[in-house]
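Biologist: I'd like to learn how to read a helical model. Could you walk me through it, one feature at a time?

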Amino acid sequence: MKKIVKDPKLEKLYKKMGKMSAEELSCLITEDLYIKAKFLFEAKNYEEVIRVANEALKKDPEALGVLAIKFRASKKLKKVQLAKRILIVMTKIDRDRTSIDPRFDWPTTRTSFYEEALPFIDSIIKKNIKDPVPIETKGRILAFLKRYDDTIALIEWAYTIEPRN
């Protein structure tokens with residue numbers, strides 16, 4: 001029979017976790033799932049990234065860093081409609097916040113994420129030029145990037161296409 005060796009560091013961690021509130025434990029689990037999704041993304045296991053991100057999003061549906069990695073995995077898998085829905089949701093959440101979400105690498109990856117998302121949303125707009133949602137999403141992205149002249153140009157362009165919208 002094998003002797004079970006106790007790891008003092010794990011014992012200390014379990015004790016600490018036992019004292020945490022349900023909300024703190026949920027945050028810790030979500031953070032763990034995000035880290036797992038990042039490793040899976042680096043390993044190019046995109047289907048699994050989406051599955052793990054979905055688990056994390058059940059606990060925190062507004063975790064922008066988790067949504068960003070799910071968007072990137074969806075794009076890699078060419079799941080265009082899913083990626084489009086995620087991007088639309090992300091820009092709405094980001095717009096409604098009073099400050100930038102400090103979790104899940106979002107502050108450091110926000111700008112590069114939106115710069116990466118612009119060509120994607122442009123292709124969506126070209127495919128369905130009369131749909132106002134992707135145009136509105138692009139406007140939000142341009143505003144997040146502080147590209148105000150481009151935002152105004154987009155609004156003027158959209159107005160020439162659909163003056164009653």
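This is a predicted model: local features need pLDDT of at least 70, side-chain atom pairs count only at pLDDT 80 or more; totals for chains, interfaces and linings use all residues.

Biologist: Which helix holds R110, and is R110 buried or exposed?

Modeller: R110 sits in helix α6. Buried means under 20% relative accessible area, so R110, at 14%, counts as buried. The side chains of R110 and D94 are joined by a polar contact of 2.9 Å.

Biologist: What about the nonpolar residues? Which ones have the most contacts inside the largest core?

Modeller: That core has 42 residues, and V66, F71, L87, M90 and F113 have the most contacts inside it. Helices α2, α3, α4, α5, α6, α7 and α8 each supply at least two of its residues, and α6 gives the most, with nine. Take M90 as a case: not counting residues up to four places away in sequence, M90 touches L64, L67, A68, W106, F113 and Y114.

Biologist: How do I read a pair of aromatic rings?

Modeller: The general idea is that you describe such a pair by the distance of the centres and the angle of the planes. Here the count comes to eight aromatic pairs. One of them is F71 with F113, which is edge-to-face, at 5.2 Å centre to centre and 75° between the planes. This pair links distant parts of the chain, since F71 is in α4 and F113 in α6, 42 residues apart. Both of these residues, F71 and F113, are buried.

Biologist: And why is the pair of W106 and Y114 edge-to-face?

Modeller: Planes over 60 degrees apart count as edge-to-face. The planes of W106 and Y114 are at 85°, with ring centres 5.6 Å apart, so that pair is edge-to-face. Both W106 and Y114 are buried. Zooming out, F71, W106, F113, Y114, F120 and F144 form one aromatic cluster.

Biologist: Last one: how do I spot the faces of a helix?

Modeller: An α-helix has 3.6 residues a turn, so residues three or four places apart point the same way.

Key
Residues are numbered from 1 along each chain as its sequence is written. Side-chain values use heavy atoms; hydrogens and water are left out. A nonpolar core is a set of buried Ala, Val, Leu, Ile, Met, Phe, Trp, Tyr and Cys residues joined through side-chain atoms within 4.5 Å. Buried means under 20% relative accessible area, exposed over 50%, partly exposed in between (1.4 Å probe, protein chains only). Helices (H or I, at least four residues) and strands (E, at least two) are DSSP runs, numbered from the N terminus. Contact means heavy atoms within 4.5 Å. A polar contact is a pair of N or O atoms within 3.5 Å; within protein, one must be able to donate a hydrogen and the other to accept it, and residues adjacent in sequence count only if both atoms are side-chain atoms. Rings of Phe, Tyr and Trp (its six-membered ring) pair if their centres lie within 6.5 Å; planes under 30 degrees apart count as stacked, over 60 as edge-to-face and the rest as tilted.
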